[in-house]
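Here are my notes on this model, as numbered points. Please read them beside the coordinates.

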Amino acid sequence: MFSITWPWLLLLLPLPFLLKQKQVAKNTGGHLQLPGIGETEQQVTISQHKPSRKAYWLMWLCLLCALIRPQWLGEPIELPSEGRDVMLAVDLSGSMQIEDMIVEGKTVDRLTLIKHVIGDFIERRNGDRLGLILFADHAYLQAPLTQDRRSVAKFLADSEIGLVGKQTAIGESIALAVRRFDMVNDSNRVLILLTDGSNNAGNIEPEVAARIAAKRNVTIYTVGVGAEVMERRSIFGTERVNPSLDLDEDQLQNLADMTKGHYFRARNSEELAQIYQKIDELEPVSRDQLTYRPKSELFYWPLLLALLMSVFISLRGQFANKLNLAASNQASLKSNISSDSTKPTGGL
């Protein structure tokens, strides 16, 4: 369907005519005619090429058509009316930089693994509203609940270890998520908390925050990130160590049980991806039906036509003026030759 954004701008259509009438009235007045001046002007004036008024009016009409911003509206597209509300809480403490994870055959740190797997998880959440919380010394809301998955993925990709501290405030991240869910009605209220340690910062204990979450019908899915075995070189050779000694699995399991959630152990990308299936099993919540109509801008077509016309008029005028100048020079030359030939020649 064709649509015009600013149709009232069509009232400017007679503007050039009004401006010209005002200019004509301003320039009208008496002229002093001196004898012989008219004939001289006729001899030396070079006729200038003036484009027709129709060309100028057509160019103004094209500019006006661009100004009113014409658009083509496509058929209405129904947006998903059912979905889940999922808040992601990602640990950015110093221990997340331990390189004990494998992604596509390469050894990477834990945050890189989360970005790799959760990035794909975000892409699959069509119809769901997602939010992002980053926590370390304290918890910070990076993205509120939104259907703009691209922005959430971008915020996650831009996060860096140590951005908000080096410790782990699990309790604060849960409390912040509960506070944000209180602003939403008719919601699944799912919190996915990813961490590789235990609570050692913040101003609220995780169990206290989990009890509040349970009362507000917030379900917590906790994810413990980190491998159980990692080879490390020392002066005595290569030794095998457990890089996840700081991970408090009992606490994470307890937080999930208190809110009727589930605890996942992510030793690799395959285990972390298991959370997909669990979230997909949740019954989506119905929302108000929203529609979207794709728009195609059309203003650049009349704007391009006006530009081409102005270039054509300019080039045509310059070419015509050059022809007139050449013709005038030729006529002047012939006149001079003729006047020279009619002069009487003196004799002895």
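1. Leucine 194 touches residues from several parts of the chain. Leaving aside neighbours within four places in sequence, leucine 194 is in contact (heavy atoms within 4.5 Å) with Ala89, Val90, Asp91, Ile114, Ile118, Phe135, Val223, Val225 and Leu272.

2. A caution on the source. This is a predicted model: local features need pLDDT of at least 70, side-chain atom pairs count only at pLDDT 80 or more, and totals for chains, interfaces and linings use all residues. Residues are numbered from 1 along each chain as its sequence is written, and side-chain values use heavy atoms, with hydrogens and water left out.

3. The largest nonpolar core has 36 residues; Val90, Ile192, Leu194 and Val223 touch the most other members. Such a core is a set of buried Ala, Val, Leu, Ile, Met, Phe, Trp, Tyr and Cys residues joined through side-chain atoms within 4.5 Å. Buried means under 20% relative accessible area, exposed over 50%, partly exposed in between (1.4 Å probe, protein chains only).

4. Strand 2 (residues 70–73) pairs with strand 17 in the antiparallel sense over three bridges. Pairing requires at least two DSSP bridges between two strands. Helices (H or I, at least four residues) and strands (E, at least two) are DSSP runs, numbered from the N terminus. Leucine 73 stands opposite lysine 295 in strand 17.

5. Check arginine 69, in the loop between helix 3 (53–67) and strand 2. Its phi is near 55°, a positive value in a residue other than glycine. Arginine 69 is partly exposed, at 30% relative accessible area.
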